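Hi,

Here is the model I promised to pass on. Have a look at it first, and my notes follow below.

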Amino acid sequence: MSILLVAEHSNKELKPFTLNAVTAASQMDTDLHAVIIGHNCGDAAKKLSDLPLVKKVIQVEAAHYENFVAENFAPVIVKLAEGYSHIVCSANTFGKNLMPRIAASLDTSQVSDIIKVISSDTFLRPIYAGNAFATVKSKDPKKCITIRPTSFDPCESSGGSAPIENVEPSEEFNNTKFVKREEIKSDRPELGTARVVVSGGRGMQSGDNFKLITSVADKLNAAIGASRAAVDAGYISNDHQVGQTGKVVVPDLYIAIGISGAIQHLAGMKESKVIVAINKDGEAPIFSVADYGLEADLFEALPQFIDELNKLNTIQK
Amino acid sequence: MKILVAVKRVIDYNVQIRVKEDNTGVVTDNVKMSTNPPDDNAIEEAVKIKESGKATEVVAVSVGEEKAQETVRKALAVGADRGILIKADGILEPLSVSKLLQKIVEKEKPDLVFMGKQAIDDDCNQTGQMLSALLNWPQATFASKIKIKDQKLEVTREIDEGLETIEINIPAIVTCDLRLNEPRYASLPNIMKAKKKPIEQLNASDLGVDTSPRIEQIKVEEPPKRKAGIKVKNVAELVQKLKNEAKVI
């Protein structure tokens, strides 16, 4: 049994979640190889070979790999898969786009977004946006698995010296052309990976009032979230939506402000380590998942909250 | 141009999921079912393209139990021209669904296949990509903007880093994000009209696809419950608790 991990990278560097994926993959079997497919990705390949858990690095270079197009990536991985029992990748947009294309070519039923490795063929995965956990066993001879990176710790990043082997690229897929990538540049951490998330709901009453959320988020170096109700009311754009139909977040601290706690919202945040709820309705369902609940009018509580934060000597970033 | 749209019947997103006592799955009896939310965006986009004169026919297809007919009927009520229901019982994995859809694509020969990016029940996010692989077609996943240019589509995709734009040649698969559009509601006259639109019924077994599961579902459980929290009296106490007890700020 041996595992092939598909590394996610930017050609220059490994994406941080590759380290979490390596941890998960190493729990399936310690005979772990990693493939890096890109263009001028030698530096990233070197960093992959530094990971002590990785026994061998396979580097595939070609100009048509520069922009990570799944139609170009899948054939070379399918060919490499001959020598492996498991193909593993992170379940972020890179892996979600790529892995099913590999799995279908291998006639494998993919196991998506696992949060725990129970054994080499049995995994725990959330379904219904985390409202239920399923234990599943893959019966396919070759397994295709994507892992939820936030459920695994990053692996050790230095001290290894895996050999790097070069493999011939596959042909270019001519019906898909990369045009451009617009990375959202923000001083704020990304919603999906932020340590702290401050979210507002319909209780904010207007888009203008979201300035209060922004002030709190600035103090805590937090990402800004919102309930579907706030998005539907037009207070904030829907890329901030936390919930079953938005983003699932697992921060250290989640602050829900003026959010009643509809099922669909809870599904997106209830795995957060510490949850704070500020709501004037003491019966709001959000309090049932909150570690610290404050029954108060948010328009009074938020300015006080900022004042209290200002009084602290230090705030973790 | 012809557009095939795949729609799935799922538990409505507002329903509180309950796990069965014997841990074999979740309770679906007497539970409100709806169209998978991003599949509504897929239908909406196809209908908009037809309304703009760039498509001639929109065909809605669903795979599942007899009742999935309601989901097809809803697609017809918002503008699809006709429907196909592939009847199949039991757990259907995305690999099986994509093989069944491949059969429909071979028969119907659409130029585009649209579907939601993910179903909110099994959360697999696989079917569109698998169908693309089986057909060796280009795939534009997580689409938030689609522009038709001759025999090409320019698609903006929602990726973790922001937005990505790709150009794909037709025929192609597009999986739709919730940001793609605002799905319309079916009007009463259109609901009435949809009752007269044809739905072809097929059996999965007649299409020569083995749909037996490859993944054994050992058990389904409730996620671990959070321990009950406390109510704080005021903001000062809240900040003090976050700083000194939870140590998160």
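In what sense do strand 6 (residues 116-117) of chain A and strand 7 (residues 122-127) of chain A pair, and over how many bridges? They pair in the antiparallel sense, over 2 bridges. (Two strands pair if DSSP finds at least two bridges between them; helices, H or I with at least four residues, and strands, E with at least two, are DSSP runs numbered from the N terminus.)

Before going further, some housekeeping. This is a predicted model, where local features need pLDDT of at least 70 and side-chain atom pairs count only at pLDDT 80 or more, while totals for chains, interfaces and linings use all residues. Residues are numbered from 1 along each chain as its sequence is written, and chains are lettered from A and ligands numbered from 1 in the order in which they are written.

Back to those strands. Strand 6 and strand 7 of chain A make a hairpin with 4 residues between them, and A:K116 sits opposite A:L124 in strand 7. Strand 7 of chain A also pairs with strand 8 of chain A, in the antiparallel sense over 6 bridges. That pair is a hairpin too, with 4 residues between the strands, and A:Y128 in its turn has a positive phi of about 50 degrees. Here A:L124 stands opposite A:T135 of strand 8.

Strand 8 (residues 132-138) of chain A and strand 12 of chain B pair in the antiparallel sense, over 6 bridges.

What about the rest of the interface? 65 residues of chain B are in contact with 70 residues of chain A, contact being C-beta atoms, placed from the backbone, within 7 Å. Strand 9 of chain B gives the most to chain B's side, with 8 residues. By class, that side has 32 nonpolar, 14 polar and 19 charged residues. (Ala, Val, Leu, Ile, Met, Phe, Trp, Tyr, Cys and Pro count as nonpolar, Asp, Glu, Lys and Arg as charged, and the others, Gly among them, as polar.)

Chain A as a whole has 8 helices and 16 strands, and its C-alpha trace spans about 65 × 40 × 40 Å along the principal axes. Of its 317 residues, 57% count as buried, which takes 20 or more other C-beta atoms within 10 Å of the residue's own; exposed is 12 or fewer, partly exposed is in between, and C-beta atoms are placed from the backbone.

The domain assignment, automatic or from a database, gives chain A domain 1 (3-167) and domain 2 (196-311). Their C-alpha centres lie 34 Å apart, and the contact takes 4 residues from domain 1 and 6 residues from domain 2.

Helix 2 (residues 42-49) of chain A is worth a click. Its buried residues are A:A44, A:A45, A:K47 and A:L48. Seen down the axis of helix 2, they fall within an arc of 160 degrees (taken from the directions from the helix axis to the C-beta atoms), so they line one face of the helix. What covers them includes strand 2 (32-38), strand 3 (56-61) and strand 10 (164-167) of chain A.

Last stop, chain B: B:N30 is in the loop between strand 2 (9-11) and strand 3 (33-35). B:N30 counts as exposed because it has 5 C-beta neighbours inside 10 Å.

Cheers

Technical notes: Two residues are in contact if their C-beta atoms, placed from the backbone, lie within 7 Å.
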